[in-house]
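Please consult the sequence and the structure shown here before reading on.

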Amino acid sequence: MSHDAYAALRRPAFRRYLLGHVLAVLGQGMLAVAVGWELYERTGSTAVLGLVGLVQVIPLVALVLPAGHVVDSRDRRLVLIAAELVIGAAALGLAAASLARAPIPVYYGLLALYGVGRTFQLPAKQAILPGLVPLPVFTNAVAWNSGGWQAAEVIGPALGGALIALAGTAAAAYLACGLAGLVFALLLTRIAVLSRPAGNRRLSWRALLEGIRFVRDSRVLLAAMSLDLFAVLLGGVMALLPVFAKDYLDVGPTGLGWLRAAQSLGAVTTSMALAHGPPLRRAGPKLLASVVGFGAAIVVFGLSRSFLLSVVALFLAGAFDGVSVVIRLALAQIKTPDELRGRVSAVNTLFIGMSNELGEFESGMAAALVGPVLAVVGGGVAVILVVAAVTRRWPEMARLDRLEDLAEGGWEDPAPG
């Protein structure tokens, strides 16, 4: 029987979800560019830009575990709709603030509200996905979802910049983000999600920490999350790309743009290839090999003095990371019982969020101590060593074959619509 590369897309519920998801990510990319451009234009302060990230991370750290509990104890579709409405309201508020040239603290308040919406959005998006497609095509759905997200991550900031230039104001990009969130919420009202939320559980530390305990006790899931955490933490180079563009590759802003886009383009390419390929076999060895490939590509980038080679190295790093993302996200949702998917997704969100933020900090500090080249090359080598350590600590990862064989807690096929 031939592989159906479009199996997930044949499900109307998944198509609506994917369209809304891509629109939302496009809008959020536009908002990110607009905030940075407008606040720096108004203040000329890098400290102001630093606080933009901080006011969005604080809600993530403070609320992500309660958010996971809410996702598991309420209707996930309604939680995601509410999160999109909060994001849309915050973005529309930023548009109004921009037009009124409101004081900077007003922007921070709206960005904190935006961060609250994102904190509930992220685990809800991950937990809702298994309720849209049957198990045999779930990895296909993850590949399409990941590819759409990566493509939107590339296109969103570019659209935001173009929209600001065309309209002459950041308010246009905020407005587009707000409308995208509202459209996603509207699409979600037309989606029937198969899930079995546990009901109104009493909020307690035990309930909040169940996701952490499940990840801790699931050796293969803990191994996969550890690989992702340390790969991003040690192998991330985004914060140092301006340094390499200017000091080592001698390219201007256009070259820097290509360097920034290359990794995401590689991830999109891999996600689409996985979507069109047969169901994954030998998922564990492929995950380990992809992280090794990511580390090796980062080493090549650090040593390169050729712009073309550097772009190719980052493209390959993104391609290898794309394999890792699809396997890891599919593994997390397939391995996790339905009643825990929100809290496990919250743990995964915390891993990703903190590793991204700490990864940029680690890159900057390491470059300041030993120089950019040694920091990047050393980070790539460290990623490869982490794979060796994970393989030794959790040898069952190297034996993992079909992800679908790990399904726990039952998996009912949702209705086609």
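This is a predicted model: local features need pLDDT of at least 70, side-chain atom pairs count only at pLDDT 80 or more; totals for chains, interfaces and linings use all residues.

Residues are numbered from 1 along each chain as its sequence is written, and side-chain values use heavy atoms, with hydrogens and water left out.

**Salt bridges**

Side chains of opposite charge can pair when their charged atoms come close. A salt bridge is counted here when a side-chain nitrogen of Lys or Arg is within 4 Å of a carboxyl oxygen of Asp or Glu. The whole structure contains 6 salt bridges by this search; the table gives some of them.

| Salt bridge | Distance between closest N and O atoms |
|---|---|
| Asp72 and Arg76 | 2.8 Å |
| Arg343 and Asp72 | 2.7 Å |
| Asp217 and Arg216 | 3.0 Å |

Asp72, Arg76 and Arg343 are linked in a network of salt bridges. Arg343 forms a salt bridge with Asp72. Because Arg343 lies in helix H13 (residues 341-370) and Asp72 in helix H2 (residues 46-73), this pair ties together parts that are 271 residues apart in sequence. Helices are DSSP runs (H or I, at least four residues) and strands are likewise DSSP runs (E, at least two), numbered from the N terminus.

Asp217, by contrast, is exposed at 54% relative accessibility.

**The nonpolar patch and helix H10**

Trp258, Leu265, Leu308, Val312, Phe315, Leu316 and Phe320 make a nonpolar surface patch of about 630 Å². Patches consist of residues with over 30% relative accessible area and no salt bridge, where like charges are joined within 9 Å and nonpolar side chains (Val, Leu, Ile, Met, Phe, Trp, Tyr) within 5 Å. At least two patch residues come from each of helix H10 (253-276) and helix H12 (307-335). H12 gives the most, with 5 residues, whereas Trp258 has its place in helix H10.

Ser264 also lies in helix H10. This serine is buried, with a relative accessible area of 17%. Ser264 touches Gln150 and Val154, leaving aside residues up to four places away in sequence; contact means heavy atoms within 4.5 Å.

Methods: Accessible areas come from the Shrake-Rupley method with a 1.4 Å probe; for residues, only the protein chains shown count as cover. Buried means under 20% relative accessible area, exposed over 50%, partly exposed in between (1.4 Å probe, protein chains only).
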